[in-house]
Amino acid sequence: LGGGAAPGGELPLGGGKVGAERGEALLGRAWVETLHPDDLDRLYRRWFAAFETNAAFECEYRLRNAAGDYRWQVARAVPVNAQGGCYWVGTVTDVHDRVAAEAKARARQEQIQLAQDAAGVGAYDWDIVTDTLVWNDGCKRVFGLPLNSEVSYQRFRELLHPDDRGRTDAIVARALDPADPDDSYNTEYRVILPGGAVRWVD
(Lines give C-alpha, C1' and ligand atoms only; values in the text may rest on other atoms or scores of the structure.)
Protein backbone atom coordinates (compact mmCIF):
# COMPACT_ATOMS: atom_id res chain seq x y z
CA LEU A 1 0.00 0.00 0.00
CA GLY A 2 1.40 3.38 -0.96
CA GLY A 3 0.44 6.77 0.35
CA GLY A 4 1.52 10.21 1.39
CA ALA A 5 1.39 12.44 4.43
CA ALA A 6 0.26 16.00 4.46
CA PRO A 7 2.30 18.78 6.10
CA GLY A 8 0.16 18.37 9.23
CA GLY A 9 1.77 15.01 9.90
CA GLU A 10 -1.10 12.63 9.17
CA LEU A 11 0.13 9.43 7.58
CA PRO A 12 -1.87 6.47 6.18
CA LEU A 13 -0.31 3.60 8.09
CA GLY A 14 -2.78 0.86 7.23
CA GLY A 15 -1.50 -2.26 5.46
CA GLY A 16 -3.12 -3.79 2.42
CA LYS A 17 -4.73 -6.56 4.46
CA VAL A 18 -6.53 -4.26 6.87
CA GLY A 19 -9.51 -4.21 4.56
CA ALA A 20 -10.47 -1.93 1.70
CA GLU A 21 -13.69 -0.90 3.43
CA ARG A 22 -11.62 0.83 6.11
CA GLY A 23 -9.21 2.59 3.78
CA GLU A 24 -10.98 5.94 3.93
CA ALA A 25 -10.97 5.97 7.72
CA LEU A 26 -7.31 5.01 7.83
CA LEU A 27 -6.35 8.08 5.86
CA GLY A 28 -6.94 10.12 8.99
CA ARG A 29 -6.11 9.51 12.63
CA ALA A 30 -8.75 6.81 12.92
CA TRP A 31 -6.07 4.21 12.10
CA VAL A 32 -4.86 4.61 15.68
CA GLU A 33 -7.85 2.55 16.78
CA THR A 34 -6.56 -0.42 14.77
CA LEU A 35 -3.06 -0.31 16.27
CA HIS A 36 -1.95 -2.85 18.82
CA PRO A 37 -1.79 -0.97 22.14
CA ASP A 38 1.80 -2.10 22.78
CA ASP A 39 2.97 -0.51 19.52
CA LEU A 40 1.26 2.87 19.76
CA ASP A 41 3.87 4.78 21.77
CA ARG A 42 6.81 3.44 19.76
CA LEU A 43 5.12 4.25 16.45
CA TYR A 44 4.16 7.74 17.56
CA ARG A 45 7.66 8.53 18.81
CA ARG A 46 9.31 7.38 15.58
CA TRP A 47 6.83 9.12 13.31
CA PHE A 48 6.91 12.47 15.06
CA ALA A 49 10.70 12.33 15.38
CA ALA A 50 10.87 11.91 11.60
CA PHE A 51 8.25 14.61 11.11
CA GLU A 52 10.03 17.13 13.31
CA THR A 53 13.46 16.50 11.78
CA ASN A 54 12.31 16.05 8.18
CA ALA A 55 13.96 12.61 8.14
CA ALA A 56 13.10 9.24 6.63
CA PHE A 57 10.71 7.08 8.64
CA GLU A 58 10.49 3.33 9.15
CA CYS A 59 8.63 1.32 11.77
CA GLU A 60 7.12 -2.13 12.25
CA TYR A 61 3.85 -2.46 14.17
CA ARG A 62 0.68 -4.55 14.37
CA LEU A 63 -2.66 -3.55 12.89
CA ARG A 64 -6.02 -5.18 13.52
CA ASN A 65 -7.67 -6.31 10.29
CA ALA A 66 -11.37 -6.62 9.49
CA ALA A 67 -11.46 -10.11 11.00
CA GLY A 68 -10.14 -8.79 14.31
CA ASP A 69 -6.67 -10.33 13.93
CA TYR A 70 -3.46 -8.37 14.39
CA ARG A 71 -0.95 -8.52 11.55
CA TRP A 72 2.56 -7.05 11.40
CA GLN A 73 3.15 -4.18 8.99
CA VAL A 74 6.22 -2.15 8.10
CA ALA A 75 5.78 1.48 7.11
CA ARG A 76 8.47 3.42 5.27
CA ALA A 77 8.29 7.06 4.22
CA VAL A 78 10.62 9.77 2.97
CA PRO A 79 10.11 13.52 3.03
CA VAL A 80 9.58 15.33 -0.25
CA ASN A 81 9.93 19.11 -0.31
CA ALA A 82 7.35 20.68 -2.56
CA GLN A 83 5.56 23.97 -3.01
CA GLY A 84 3.34 24.48 -0.01
CA GLY A 85 5.45 22.48 2.42
CA CYS A 86 7.04 19.13 3.00
CA TYR A 87 5.18 15.94 2.17
CA TRP A 88 5.99 12.36 3.07
CA VAL A 89 5.63 9.65 0.46
CA GLY A 90 5.85 6.05 1.49
CA THR A 91 4.57 2.52 1.56
CA VAL A 92 3.06 0.09 4.03
CA THR A 93 3.78 -3.60 3.55
CA ASP A 94 2.27 -6.60 5.29
CA VAL A 95 5.24 -8.51 6.77
CA HIS A 96 3.31 -10.73 9.15
CA ASP A 97 4.49 -14.02 7.65
CA ARG A 98 8.13 -12.95 7.83
CA VAL A 99 7.84 -11.71 11.42
CA ALA A 100 6.04 -14.90 12.46
CA ALA A 101 8.74 -17.04 10.83
CA GLU A 102 11.47 -15.09 12.60
CA ALA A 103 9.71 -15.46 15.95
CA LYS A 104 9.33 -19.20 15.39
CA ALA A 105 13.04 -19.50 14.50
CA ARG A 106 14.04 -17.56 17.63
CA ALA A 107 11.85 -19.76 19.82
CA ARG A 108 13.38 -22.89 18.28
CA GLN A 109 16.89 -21.53 18.82
CA GLU A 110 16.06 -20.76 22.45
CA GLN A 111 14.83 -24.31 22.93
CA ILE A 112 18.03 -25.68 21.39
CA GLN A 113 20.10 -23.41 23.62
CA LEU A 114 18.23 -24.55 26.74
CA ALA A 115 18.76 -28.19 25.79
CA GLN A 116 22.46 -27.61 25.13
CA ASP A 117 22.91 -25.74 28.41
CA ALA A 118 21.18 -28.52 30.34
CA ALA A 119 23.38 -31.15 28.69
CA GLY A 120 26.58 -29.14 28.97
CA VAL A 121 26.86 -28.98 25.18
CA GLY A 122 28.24 -26.13 23.12
CA ALA A 123 28.04 -25.27 19.44
CA TYR A 124 30.46 -23.47 17.15
CA ASP A 125 30.78 -22.29 13.56
CA TRP A 126 34.14 -21.99 11.81
CA ASP A 127 34.38 -20.23 8.46
CA ILE A 128 37.68 -21.62 7.18
CA VAL A 129 37.76 -19.17 4.25
CA THR A 130 37.83 -16.11 6.51
CA ASP A 131 39.20 -18.04 9.50
CA THR A 132 36.33 -16.75 11.62
CA LEU A 133 35.40 -18.87 14.61
CA VAL A 134 32.13 -18.27 16.46
CA TRP A 135 31.19 -20.03 19.70
CA ASN A 136 27.77 -19.87 21.27
CA ASP A 137 27.38 -19.24 25.00
CA GLY A 138 27.24 -22.95 25.77
CA CYS A 139 30.57 -23.55 24.06
CA LYS A 140 32.20 -20.72 25.98
CA ARG A 141 30.88 -22.18 29.24
CA VAL A 142 32.39 -25.57 28.37
CA PHE A 143 35.79 -23.90 27.98
CA GLY A 144 35.32 -21.72 31.05
CA LEU A 145 35.36 -18.45 29.13
CA PRO A 146 33.35 -15.29 29.82
CA LEU A 147 30.41 -14.99 27.45
CA ASN A 148 31.83 -11.81 25.90
CA SER A 149 35.14 -13.45 25.02
CA GLU A 150 36.53 -13.27 21.50
CA VAL A 151 37.60 -16.64 20.12
CA SER A 152 39.87 -17.85 17.34
CA TYR A 153 41.52 -21.12 16.45
CA GLN A 154 44.69 -19.90 18.10
CA ARG A 155 42.75 -19.10 21.28
CA PHE A 156 41.18 -22.56 21.10
CA ARG A 157 44.67 -24.15 20.92
CA GLU A 158 45.84 -22.12 23.92
CA LEU A 159 42.99 -23.57 25.98
CA LEU A 160 43.95 -27.16 25.15
CA HIS A 161 46.23 -29.29 27.30
CA PRO A 162 49.72 -29.02 25.77
CA ASP A 163 49.85 -32.78 25.20
CA ASP A 164 46.67 -32.63 23.09
CA ARG A 165 47.47 -29.71 20.80
CA GLY A 166 49.54 -31.53 18.21
CA ARG A 167 47.08 -34.41 17.89
CA THR A 168 44.13 -32.00 17.58
CA ASP A 169 45.96 -29.96 14.92
CA ALA A 170 46.57 -33.14 12.93
CA ILE A 171 42.90 -34.18 13.11
CA VAL A 172 41.76 -30.71 12.02
CA ALA A 173 44.26 -30.67 9.12
CA ARG A 174 43.08 -34.08 7.95
CA ALA A 175 39.43 -32.99 8.09
CA LEU A 176 40.25 -29.92 5.97
CA ASP A 177 42.46 -31.77 3.44
CA PRO A 178 40.43 -32.18 0.21
CA ALA A 179 42.70 -35.07 -0.80
CA ASP A 180 41.84 -37.04 2.32
CA PRO A 181 38.61 -39.06 1.94
CA ASP A 182 38.00 -38.84 5.69
CA ASP A 183 36.67 -35.31 6.26
CA SER A 184 35.10 -36.04 9.64
CA TYR A 185 36.14 -34.26 12.81
CA ASN A 186 35.63 -36.33 15.93
CA THR A 187 38.04 -36.22 18.81
CA GLU A 188 38.47 -35.84 22.55
CA TYR A 189 40.87 -33.49 24.24
CA ARG A 190 41.58 -31.88 27.58
CA VAL A 191 40.83 -28.23 28.29
CA ILE A 192 42.69 -26.20 30.90
CA LEU A 193 40.09 -24.10 32.71
CA PRO A 194 40.93 -20.62 34.07
CA GLY A 195 41.38 -21.97 37.61
CA GLY A 196 43.78 -24.66 36.41
CA ALA A 197 41.34 -27.57 36.50
CA VAL A 198 41.37 -30.03 33.60
CA ARG A 199 38.17 -30.94 31.74
CA TRP A 200 37.75 -33.60 29.10
CA VAL A 201 35.77 -32.41 26.10
CA ASP A 202 34.30 -34.48 23.29
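This is a predicted model: local features need pLDDT of at least 70, side-chain atom pairs count only at pLDDT 80 or more; totals for chains, interfaces and linings use all residues.
Residues are numbered from 1 along each chain as its sequence is written, and side-chain values use heavy atoms, with hydrogens and water left out.

Now the overall picture. The protein has six helices and eight strands; these are DSSP runs numbered from the N terminus, with helices being H or I of at least four residues and strands E of at least two. Following the sequence, the order is β-α-α-β-β-β-α-β-β-α-α-α-β-β. There are 202 residues, and 32% of them count as buried. Buried means under 20% relative accessible area, exposed means over 50%, and partly exposed is in between, using a 1.4 Å probe and protein chains only. The accessible surface is about 12200 Å², and carbon and sulfur atoms hold 53% of that. Those areas come from the Shrake-Rupley method with a 1.4 Å probe; for residues, only the protein chains shown count as cover.

Back to our aspartate. Aspartate 39 sits in helix α2. Is aspartate 39 buried or exposed? Aspartate 39 counts as buried because its relative accessibility is 2%. Setting aside neighbours within four places in sequence, aspartate 39 is in contact (heavy atoms within 4.5 Å) with Tyr61, Arg62 and Trp72. Other buried residues of α2 include Leu43, Trp47 and Ala50.

How far should α2 span? With 17 residues at 1.5 Å a residue, α2 should span 24 Å, and its end C-alpha atoms are 25 Å apart, which agrees. The expected span is 1.5 Å times one less than the number of residues.

Let's look at either end of this helix. On one side, histidine 36 lies in the loop between α1 (23-26) and α2 (37-53). Histidine 36 is buried, because its relative accessible area is 15%. Not counting residues up to four places away in sequence, histidine 36 touches Arg62 and Tyr70. Asparagine 54 belongs to the loop between α2 and β2 (57-64), and at 33% relative accessibility it counts as partly exposed.

Where else do we find a positive phi of about 55° in a residue that is not a glycine? Aspartate 131 is one, and it lies in the loop between β5 (124-127) and β6 (132-135). Aspartate 131 is partly exposed, at 48% relative accessible area.

Last stop, the surface. Val78, Val80, Tyr87 and Val89 make a nonpolar patch of about 310 Å². Patch residues have over 30% relative accessible area and no salt bridge; like charges are joined within 9 Å, and nonpolar side chains (Val, Leu, Ile, Met, Phe, Trp, Tyr) within 5 Å. A salt bridge is a side-chain nitrogen of Lys or Arg within 4 Å of a carboxyl oxygen of Asp or Glu. Both β3 (70-82) and β4 (85-94) supply at least two residues of the patch. Tyrosine 87 lies in strand β4 and is partly exposed, with a relative accessible area of 34%.
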